[in-house]
Amino acid sequence: MANKEAGTPPPIPSREGRLQPTLLLATLSAAFGSAFQYGYNLSVVNTVFKSFYNETYFERHATFMDGKLMLLLWSCTVSMFPLGGLLGSLVVGLLVDSCGRKGTLLINNIFAIVPAILMGVSKVAKAFELIIFSRVVLGVCAGISYSALPMYLGELAPKNLRGLLGTMTEVFVIIGVFLAQIFSLQVILGNPEGWPVLLALTGVPALLQLLTLPFFPESPRYSLIQKGDEAAARQALRRLRGHMDLEAEVEDMRAEAQAERAEGHLSVLRLCALQSLRWQLLSIIVLMAGQQLSGINAINYYADTIYASAGVEAAYSQYVTVGSGVVNIVMTLTSAVLVERLGRRRLLLAGYGICGSACLVLTVVLLFQNKLSELSYLGIICVFAYIAGHSIGPSPVPSVVRTEIFLQSSRRAAFMVDGAVHWLTNFIVGFLFPSIQEAIGAYSFIIFAGICLLTAVYIYMVIPETKGKTFVEINRIFAKRNRVKLPEEKKEETIDAGPPTLSPAKETLF
């Protein structure tokens, strides 16, 4: 009744979003074309590449490489990918603002197709330098897509499907990993004749995305909030939702746009200095650092050694690796299904709990397996348990949370910080773990268990459950933690502090 007296329309109930065909196909086109490169190149046949390096060097200098030179070249090949990813994460902010989310993904395909061609012809050209250079360019592609893709999917999705679509980034990364494990089997393409084709395949998803993604809409939030084009936003929503009842969602975007005007366009430096976003920024840093420093790359690095200690022959360890890839896919898909039912916090806490426990048990196994050989099989179980735990929480869920806890004006800068932390920690683990493992052996996994524990404590104490909430509602939750008042709260206080003359409008606000 008060709403009618004040002339304020009643709140518009939000219609439950469904996975309409346009939304589903747009997700598949964007995710398969953008996330595949990141995952696919995590699994390659190292020995085949090293042989190619050595043979090429012999043809040039009539002598084989010594061990130090081979180690240097191979270290460059491996480390160029995360360094390229870091570069991509630093330029993605400029791209998503100037070209849009969809436009950025389309432009990014250049950084996938060009290196695919170069790596495919590297054997014919007898130039291993093409592989090293291509790893940098492909890293740039992964760095851009790792930030732009979850931003695009998170802004396409209705709030009740945001978790499901947000996990698609990690789902397709895992699919890329699994396909690489399959194609790199010696009987398929993991041999001296097939590896150029193995590498060139990275360009196929990018080509498919170039052919399909232009037919799908740009992010409605980008169109309305950043471009001010409500007509384009409504048209995109009609295609994505499959119905005309859009007022609740449009009103939500208007509210976010109004909140944005108070903050203005944020740079990375301003984001870091802003008190109203302090806990959001710290949260994505912890989530990204925890994702990498919790030991996933170390587990992958050490897995072959664990399999060998359990008596698995080298010729068959690649099939055990494929088995771990199956576990990875199954648990990531399980996370995608459960993220809207159980929520983000529960999956993150469960995942880190499993990972930390697996690291502790694995430490015991590695210390005592020489005295009790049966423990070696427990080591394989620990590897699979760790992969399952990481796949259900730490791997897929941060992609959802980092999109949800920032509004439109700060999301660009936040994703630049997020991507930089992700790729730097990825590089640090890959570069330092072999030395740490050589120095302290099995005890290195205790470090990872401690990081899992600390990250889980932070999530429990700080990060709220964001399931089913709008971006503005999540912003209000963090505003209380940051001890700041949002513009609308200040406005209400000013009105309440005014003269006690009653009016219908003031009664409504009160």
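Modeller: The expected span of a helix is 1.5 Å times one less than its number of residues, and helices here are DSSP runs of H or I with at least four residues, numbered from the N terminus. The model is predicted, with local features needing pLDDT of at least 70 and side-chain atom pairs pLDDT 80 or more, while totals for chains, interfaces and linings use all residues. Residues are numbered from 1 along each chain as its sequence is written, and side-chain values use heavy atoms, leaving out hydrogens and water.

Helix H24 covers residues 471-482, and its 12 residues reach 16 Å from the first C-alpha to the last, close to the 16 Å expected at 1.5 Å a residue. Buried in H24 (under 20% relative accessible area, with a 1.4 Å probe and protein chains only) are Phe-471, Val-472, Ile-474, Asn-475, Phe-478, Ala-479 and Asn-482. Seen down the axis of H24, these buried residues fall within an arc of 155°, so they line one face of the helix; the arc is that of the directions from the helix axis to the C-beta atoms. An α-helix has 3.6 residues a turn, so residues three or four places apart point the same way. After H24 comes Arg-483, whose phi is positive, near 60°.

If neighbours within four places in sequence are left aside, the residues in contact with Leu-271 (heavy atoms within 4.5 Å) include Leu-266, Leu-281, Phe-406 and Val-417.

Charged pairs also belong to this picture, since the structure holds 15 salt bridges, each a side-chain nitrogen of Lys or Arg within 4 Å of a carboxyl oxygen of Asp or Glu. In one of them the side chains of Glu-155 and Arg-101 meet at 3.0 Å, N to O, and this pair links distant parts of the chain, with Glu-155 in helix H7 (residues 129-156) and Arg-101 in helix H5 (residues 100-108), 54 residues apart. Glu-155 is buried, with a relative accessible area of 2%, and Arg-101 is buried as well, at 1%.

Definitions and conventions
Helix = DSSP H or I, 4+ residues; strand = E, 2+ residues; numbered from the N terminus. Buried < 20%, exposed > 50% of the residue type's maximum accessible area, 1.4 Å probe, protein only.
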